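Me: I'd like to learn how to read a few features off a model like this one. Could you walk me through it?

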Amino acid sequence: MNMKRFTFAKNAAAVLAVILAGTMMTGCGGSKSGGSGDNVVLEFRGGDYITGKPYLVTANKSLREISCSYGTLSKVNPVTAEEAGENEWFYVLPEEYFTSYDLSYDGVKGYTERCRVTLSDGTDTETLKELPLTDPLLADEWHLYNVGQNPYGVTSDPVKGVDLNVIPAWRTVLEDRKKQLDGSGVYVVVTDTPVDINHEDLRDRIYNPGIPGSEDIVNTGIPLEKLKENPSNMHGTAVAGIIAASGMNDLGVRGIAFNAGITSMIVESDDQEIRSLEYILNMPGPVLMNASWGRVLMTASYPELADLYEALYEKNIAVIHAQGNAFIAGHDEATKPYSSSICLDLGINCEFSQTDQLSRAPFVINAGALDSLGAKAIYGSTGSNLWVTGFGGLKGGKIDSAEETSAAIVTATCQYDPKDWDDRDAQSPWRNDDNKYYTNTMNGTSSAAPTVSGAVALALQAKPDLTVSQLRYLLATTSRDDIVMPSLALTVKEAASDQSYGEHIVYDYGWQENAAGFRFSSHYGFGVADAAALVKGALACDSDPVCAGLKDLPDVYVSGNSNPCQFADDTERNVTCVFSDFRDPEDAETVLGSSELTIDAITYDVSGLTYLPAGIRDFCELAASPEDKETTEHNRQRKQAVFDANLILQILAESPAGTKSLIKPLYANWDYKSGFNIPEIGFDGELPLSPLNLATSTFYRETLKEGTDKPWTLSFKSPCKLDLDALNQNTHLTVYGRKKQE
């Protein structure tokens, strides 16, 4: 191996000489050479140069002095404080070699260390030692360390530095535990398709708590037949690999929290979702849940699920959820026959993302996706409920992809020979016999969510009692926004004369700084996750007054003013709701009064939204008509009419400080009250729709106070007349927060 492969900044190579005889020297040592030094062999064992886990260095001959060109040597283990024995040293490659991103792809894969030794008889000699990666495919995981590597065959190389910044997190030493961060002691529940629990890179990570009555939801493996039925069943395995594939085992990839426990739970129905949440509530902690799934165009309200997600929050079990992949999901005759593609022409989000209970839960952490070039992945759904952005990538090196491509995520796939099932990327340029149980084409917010989950697992190891509110605060304060990462820059999307309303319309506000000083966008949430900064924040949480103040559960207040909604003009299509008289929902006598509440989370109940049979479009009459189970054609036309009305519906929230949040943007397809559901879901029946609490992250840590000059408002802009009575009966603002100290 050529030493030139390992390219560093000019003055980065630190040399530390360890003197055995009590006198200190630096450099090459004495002038003698040859003789007994010709056969010196150094062994480097048990370490990892990426994480900085110290190698134990031993020599086959007695040495007086040793120094190395790149790494540092010491007689005391810098992590455990263990003392080396006679003729033993601890070796670490300094973190500075990775911070400049000057390494080549080959340099990440391994390097040759050159050590100068002086034997006990004074003889000097040099010896070379090749140090390879302890996980062979780690160099291909650009989301962990991005040096612009392109072994995938994609047309656009990854952009250097666009990664999770996890290496400094791994190198963090917990002084009280004499241990580096690797996810130890943290359990991540992967609710998904079954994980291949026998995979070579996952089997040592699988954790089954053995709670009785869970046999059909706690996964016990994925048979080959299930993959043959549907190759997408490899999904859960790929997700688990991103989070916690074993590290330093000389196999495949490395997960972000590579020593965390993985519990695989099958969620393929509402009943399984409910039972899985009940199961998770009984698991020992610290625990977090990864949900790289969602229900597409199937808006429904399930109070039982809402209560369970609230119970997870109260027990400090974070839920990381994939925001969705429907930014460019317009009309599709087979699966989305009623959807419109106007969004594609305008370059705005095509599908409303707050359709299921999980995406609307106020404390769930919804994750968007970044590509390897440093911008929002083209498919990634946007929305007011987004909190953070992880790493999703794009198509990767798919052999059937003729268009321009950039890298996807490298992770585990099921450990069956690709020839035995329809492994869709088995023939990609990257795949070979050495990595046939791995994939380089995993993408979507399904990939982005587990990158966030992995970082969160490291933070929970650093501070096991971290609350969900503290975690959300740390993600909001440590994630990288457009100021830190200029590639995230956005412009306001607007039209001087919108094609539907003939007036000025804003489709997306881009980046906004709210009144509490937090920068937010519906494309990135509060920014791109930074594992190192998140871990640092977790360790400093108790000394940060804001973070420390989020230890206890928040107060909850719901607006109680009667008839909060009024028509904004004489069209009866535009309604503005104003909220006040905030009360404890469990004790109406407890009012907010003169107190001020710092907002942790906020939702708006819009279940009163009802169209009347009149407006600026002919479809309003059909959209307002009831479903007729006896008339198929009427129902088809009605579904189309409701979709058309929802398409041109806009719901805009505004705080007293003037911060605006597009909760339901114009031209985002939405199935609300249409009766539509995708056939393969297998749901038959009327979907419950009340309450329908829509979330927004935009107002995080702004202040709720009664009697302000400007109130909290929610505005509806509709193509059809709206039922004001229904809105007044059902529209409420719910605020979770903590009272400011007097």
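This is a predicted model: local features need pLDDT of at least 70, side-chain atom pairs count only at pLDDT 80 or more; totals for chains, interfaces and linings use all residues.

Me: In what order do the strands of the open sheet come?

Reply: Strands are DSSP runs of E, at least two residues long, and helices are runs of H or I, at least four, both numbered from the N terminus. Two strands pair if DSSP finds at least two bridges between them. Here, four strands line up as β2-β3-β6-β5 with antiparallel pairing. The edges are β2 (42-45) and β5 (72-74), each pairing on one side only. On average, neighbouring strands of this sheet are turned by 30 degrees against each other, direction ignored.

Me: How many bridges join β5 to β6?

Reply: Three, with the two strands running antiparallel; β6 covers residues 88-92. In that pair, threonine 72 sits opposite valine 92.

Me: And why is β4 described as largely enclosed?

Reply: Buried means under 20% relative accessible area (1.4 Å probe, protein chains only). Five of the six residues of β4 (residues 63-68) are buried, so the rest of the structure largely encloses this strand. β4 pairs antiparallel with β7 (residues 110-119) over five bridges, and cysteine 68 of β4 faces cysteine 115 of β7.

Me: At roughly what angle do α11 and α12 cross?

Reply: Axes are lines fitted to C-alpha atoms, for helices over the stretch in contact, and angles run from 0 to 180 degrees between N-to-C directions. The axes of α11 (residues 468-478) and α12 (residues 531-539) cross at roughly 130 degrees and come within 9 Å. That makes α11 oblique to α12 (under 35 degrees is roughly parallel, over 145 roughly antiparallel, 65 to 115 roughly perpendicular, the rest oblique).

Me: Which residues of α11 and α12 meet there?

Reply: Contact means heavy atoms within 4.5 Å. Leu471, Leu474, Leu475 and Thr478 in α11 meet Ala533, Leu534, Gly537 and Ala538 in α12.

Me: Last one: is leucine 666 buried or exposed?

Reply: Buried, with a relative accessible area of 1%. Leucine 666 lies in the loop between β31 (660-664) and β32 (693-695). Its C-alpha is 5.4 Å from that of isoleucine 648, 18 residues apart along the chain. Setting aside neighbours within four places in sequence, the contacts of leucine 666 include Ile348, Asp498 and Tyr501.

Methods:
Residues are numbered from 1 along each chain as its sequence is written. Side-chain values use heavy atoms; hydrogens and water are left out. Buried means under 20% relative accessible area, exposed over 50%, partly exposed in between (1.4 Å probe, protein chains only).
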